[in-house]
Amino acid sequence: MDENRISKEDIKEIKESTENVRKELSQVIMDVKRELYGVIESSRLEILNRLDLVKTELKAEIRDAEMRVEQRIDDSKRELKSDITNLVVTMEKEMEGLRADIEEIINASMKAVKASLAVSLITLVVLVLWVTVRSLHFIK
């Protein structure tokens, strides 16, 4: 039965051993915590760096998009200016054509008026001659 009994020394040794294991476990827990905090901190820094990269890329894409939009606006302005210039040139050509047509109509009208006046003058001369001849006939 003595063999089954635990001595005070054994209890003391078990206590010391338990205390040593507890201290080692505490140290291991502290080491694991430190490693976890390190991993967490490095992950946080890595995430922040990635976010900065994404932010920089987005800013660059926004700048590129703004430049493309500005280029499209400039191109549209140039096209519109060209279209307006072409329209003005076309209108000027049409105005020249209309001016020429109007001048032609005026010239034709003037010729018609001159011809009408000539016919009227000839008719008047003929009438005056006829009246003169008739008057001379009566006078004789």
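Glu96 is partly exposed in this predicted model, with a relative accessible area of 47%. Its partner in a salt bridge is Arg99, and the closest N and O atoms of the two are 2.5 Å apart. Arg99 also counts as partly exposed, at 40% relative accessibility. Where do the two sit along the chain? Glu96 and Arg99 are both in helix H1, 3 residues apart, which means about one helical turn separates them.

Why might such side chains meet? Side chains of opposite charge can pair when their charged atoms come close.

A search of the whole structure finds 6 salt bridges. Here are three of them, with the N to O distance for each:

| Salt bridge | Distance (N to O) |
|---|---|
| Asp31 and Arg34 | 2.4 Å |
| Glu46 and Arg50 | 2.5 Å |
| Glu96 and Arg99 | 2.5 Å |

Let's look at the other two pairs. Asp31 and Arg34 both belong to helix H1 and lie 3 residues apart, about one turn of the helix. Asp31 is partly exposed at 30% relative accessibility, and Arg34 is partly exposed at 49%.

Glu46 and Arg50 are 4 residues apart in helix H1, so about one helical turn lies between them. Glu46 is partly exposed, with 40% relative accessibility. Arg50, with a relative accessible area of 51%, counts as exposed, because the exposed class begins over 50%.

Now for a nonpolar part of the surface. Leu121, Leu124, Val125, Leu127, Val128, Leu129, Trp130 and Val131 form a patch there, with about 760 Å² of accessible area together. One of its members, Leu127, is found in helix H1, which covers residues 8–139. Leu127 is partly exposed, at a relative accessible area of 45%.

Terms used:
Residues are numbered from 1 along each chain as its sequence is written. This is a predicted model: local features need pLDDT of at least 70, side-chain atom pairs count only at pLDDT 80 or more; totals for chains, interfaces and linings use all residues. Side-chain values use heavy atoms; hydrogens and water are left out. Patches are made of residues with over 30% relative accessible area and no salt bridge: like charges are joined within 9 Å, nonpolar side chains (Val, Leu, Ile, Met, Phe, Trp, Tyr) within 5 Å. Accessible areas come from the Shrake-Rupley method with a 1.4 Å probe; for residues, only the protein chains shown count as cover. A salt bridge is a side-chain nitrogen of Lys or Arg within 4 Å of a carboxyl oxygen of Asp or Glu. Helices (H or I, at least four residues) and strands (E, at least two) are DSSP runs, numbered from the N terminus. Buried means under 20% relative accessible area, exposed over 50%, partly exposed in between (1.4 Å probe, protein chains only).
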